[in-house]
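Dear colleague,

Please find below the structure that I am handing over to you. My notes on what was found in it follow directly after it.

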Amino acid sequence: MELNIPNHMKNTLFFPESITNLNINLHNSFELNVDLTNFGYDIAAHNDIDTIKPWLSIEQYIPIVIAKWKGIEPELTQHFQQRKKTNIKQAIVQSLGLFLSMLFWMNSSPVTNLINIQDQIKELKYKPINVGERIDFIMKKPHQFHSFIQLSELFQESTKIYYKIVALQK
């Protein structure tokens, strides 16, 4: 299915200017779609497509996002240790997309705006300390080792916050 990427989601870090549509097969498993693209379910919601809404079932979907990160993190660690610069930026950007999805979804919200992401983050109830500034740093320098460290820490802190949310809901 080809989905129109709304203007407020067209952050060039995630979607080059030449891309106006997102191809996603919503019949694929959630795990596969999360591997293939960032923000597919969020963009589907913006297009009024009836599909999975991970932000409404966080206990089912956030653990999958966390597991995806735990699979990517050791590979990135190895790339940085071996000073392999190939694909680092792409992997960090993909991982940042996973993180932003997790951050918004654990607040029961789809990712709504990637252009004014800082304003959107300020409104979230559950988030790590200084998350806006840290995401801004990662977005400006996704190829740097310090961005990887920040992203890793954000995932770790957000995972704790997620488990706290789940415990409070029970």
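Serine 101 has its place in helix H4; helices (H or I, at least four residues) and strands (E, at least two) are DSSP runs, numbered from the N terminus. With a relative accessibility of 4%, serine 101 counts as buried, a word that means under 20% relative accessible area, while exposed means over 50% and partly exposed in between (1.4 Å probe, protein chains only). Not counting residues up to four places away in sequence, serine 101 touches Phe39, Asp42 and Val111, where contact means heavy atoms within 4.5 Å.

Please note that this is a predicted model, in which local features need pLDDT of at least 70 and side-chain atom pairs count only at pLDDT 80 or more, whereas totals for chains, interfaces and linings use all residues. Residues are numbered from 1 along each chain as its sequence is written, and side-chain values use heavy atoms, with hydrogens and water left out.

Serine 101 is also one of the residues that line the largest cavity, among them Phe39 and Asp42. A cavity is a set of points on a 1 Å grid over the protein atoms alone where a 1.4 Å probe fits but cannot get out; lining residues have an atom within 4 Å of a point. The structure holds one cavity of 30 Å³ or more, and the volume of the largest cavity is about 90 Å³; a volume is the space filled by probe spheres set on the points, which are joined across faces, edges and corners. H1, helix H2 (40–46) and H4 are the elements that give two or more residues to the lining of this cavity. By class, that lining has six nonpolar, five polar and one charged residues. Here Ala, Val, Leu, Ile, Met, Phe, Trp, Tyr, Cys and Pro count as nonpolar, Asp, Glu, Lys and Arg as charged, and the others, Gly among them, as polar.

The largest pocket holds about 290 Å³ of space; a pocket is an open set with protein on both sides within 12 Å along at least five of seven lines. Of the 14 residues that line the largest pocket, Phe14, Phe15, Leu36, Thr37 and Asn38 lie nearest its centre. Two or more residues of this lining come from each of E2, helix H1 (30–36) and helix H4 (88–105).

Another serine, serine 158, is found in helix H7. Serine 158 is buried, with a relative accessible area of 0%. Leaving aside its neighbours within four places in sequence, serine 158 is in contact with Phe99, Met102, Met106 and Pro128.

Two further residues concern the backbone. Most residues other than glycine have a negative phi. Aspartate 48, however, has a positive phi near 55°; aspartate 48 lies in the loop between H2 and helix H3 (58–81) and counts as exposed at 71% relative accessibility. Asparagine 130 likewise has a positive phi, of about 55°, although it is not a glycine. Asparagine 130 is found in the loop between helix H5 (117–122) and H6, and its relative accessibility of 48% makes it partly exposed.

Lastly, asparagine 7 is found in the loop between strand E1 (2–4) and strand E2 (21–23). Asparagine 7 is exposed, with a relative accessible area of 60%.

Yours sincerely
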